[in-house]
Amino acid sequence: MSPALPEGDAAPADGALPPSVRDGADRRGFGVYLHVPFCTVRCGYCDFNTYTATELGGGASQVAYADTALAEIALGARVMRAAGLPERPASTVFVGGGTPTVLPAGDLVRMLDGVRAAWGLADDAEVTTEANPDSVTPESLAELRRGGFTRVSFGMQSAVPHVLATLERTHDPRRIPDVVRWARDAGLAVSLDLIYGTPGESLADWRTSLETALATGVDHVSAYALVVEQGTKMAVQVRRGDLALPDEDDQAAKYELADGLLTEAGLRWYEVSNWARTPADACRHNLAYWRNDDWWGVGPGAHSHVGGVRWWNVKHPRAYAARLAAGESPAAGRETVEDASARLERVMLGVRLSEGLPVDVLSPAARTRVAGLVADGLVDPRAALGAAEVPGRRVRLTRRGRLLADAVVRSLAD
């Protein structure tokens, strides 16, 4: 069961945006997220808005989905033009899911072509698709590259069979070096996504996964702690006592091991859960989220943000397809982000980045607490004091601070 949509105001049937979205638009980047809600098998820990092939039909089916998404892309371009927003080609496009590569590569390219026709693509646009290791071939990856994709993010999760089995991942971990090589041969940059903290995963298991990922020579790794969401199959298994979750000390040890091994291999953290070999290897699309740029989210359940207005689409693919077939916006609700909420979000997201959060965006009361965070070893003292190599005074987390990032946010969020 995927999480419920947020509560908010009713969204207009035509998707029209208020005039306020124009304010400062020329200073914000613009990206596009394309949600593909299909998976071959639904994993027990997953609470994303995904469906298996046999669940859907009509305009929501896998066969028809690219055309349905193209209808929203065209609507998005009309809405943004009607709002008087300046022409901004998409600097990033990210195709997520689900498993986007269960669709034919040609469908993904057609969706990208739709973005190009609607908004344009920047000359140096970053275009990423997520993929499972068992959902690509050398030929499909080459077709994606020819169609304009620049990057692929593989859901590796683990290199250890019993951990993958607990996660209900179906790919063979021995395939990872092959798919990385195929992608690179096609001219695609590659990221590997890992999960730590799976029930039954030892520290040695986690080391094996990290070392396997690093052995491929990739330039980007994401490592996320497993979060068991209510309503998932795994949550039921935990509640029944069939699976035991690791404690906080185990999670911290695994994060520290990841940061140590990745840093030693030449990858530096740029966000709490993401490491890249160089700044150019960082995921620019995700950075745009963390920096509060504009993006249009296409697909059932997808979220969008333009100029302080945030909205979200209806969740079920059939309802989504029906809205678009009727010429209506698929948006289920929306909200305008108030100043207080915007400040809180800037703190929550800004402190997660290695570039840090400028001290001068904090409230006067919060600024007085920075010294205490430095004393507690959570914030880098040189960044907080404005050392020569750091532009301005910034709240930049230490490794310990990254482990306690939520506590830092609570201290500074007022």
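Me: Which residues form one aromatic cluster with Phe30?
Reply: The model is predicted, so local features need pLDDT of at least 70 and side-chain atom pairs count only at pLDDT 80 or more, while totals for chains, interfaces and linings use all residues. Residues are numbered from 1 along each chain as its sequence is written, and side-chain values use heavy atoms, with hydrogens and water left out. Rings of Phe, Tyr and Trp (its six-membered ring) pair if their centres lie within 6.5 Å, and planes under 30 degrees apart count as stacked, over 60 as edge-to-face and the rest as tilted. The residues that form one aromatic cluster with Phe30 are Trp119, Trp296 and Trp311.

Me: Is phenylalanine 30 buried or exposed?
Reply: Buried means under 20% relative accessible area, exposed means over 50%, and partly exposed lies in between (1.4 Å probe, protein chains only). Because its relative accessibility is 3%, phenylalanine 30 counts as buried.

Me: Why is the pair of tyrosine 289 and tryptophan 295 edge-to-face?
Reply: Tyrosine 289 counts as partly exposed at 23% relative accessibility, whereas tryptophan 295 is buried, with a relative accessible area of 14%. Their ring centres are 4.7 Å apart and their planes stand at 65°, so the pair is edge-to-face.

Me: Which residues in α15 meet α12?
Reply: Contact means heavy atoms within 4.5 Å. From α12, the residues taking part are Ala366, Arg369, Val370 and Leu373. In α15, they meet Val408, Ser411 and Leu412.

How values were computed: Helices (H or I, at least four residues) and strands (E, at least two) are DSSP runs, numbered from the N terminus.
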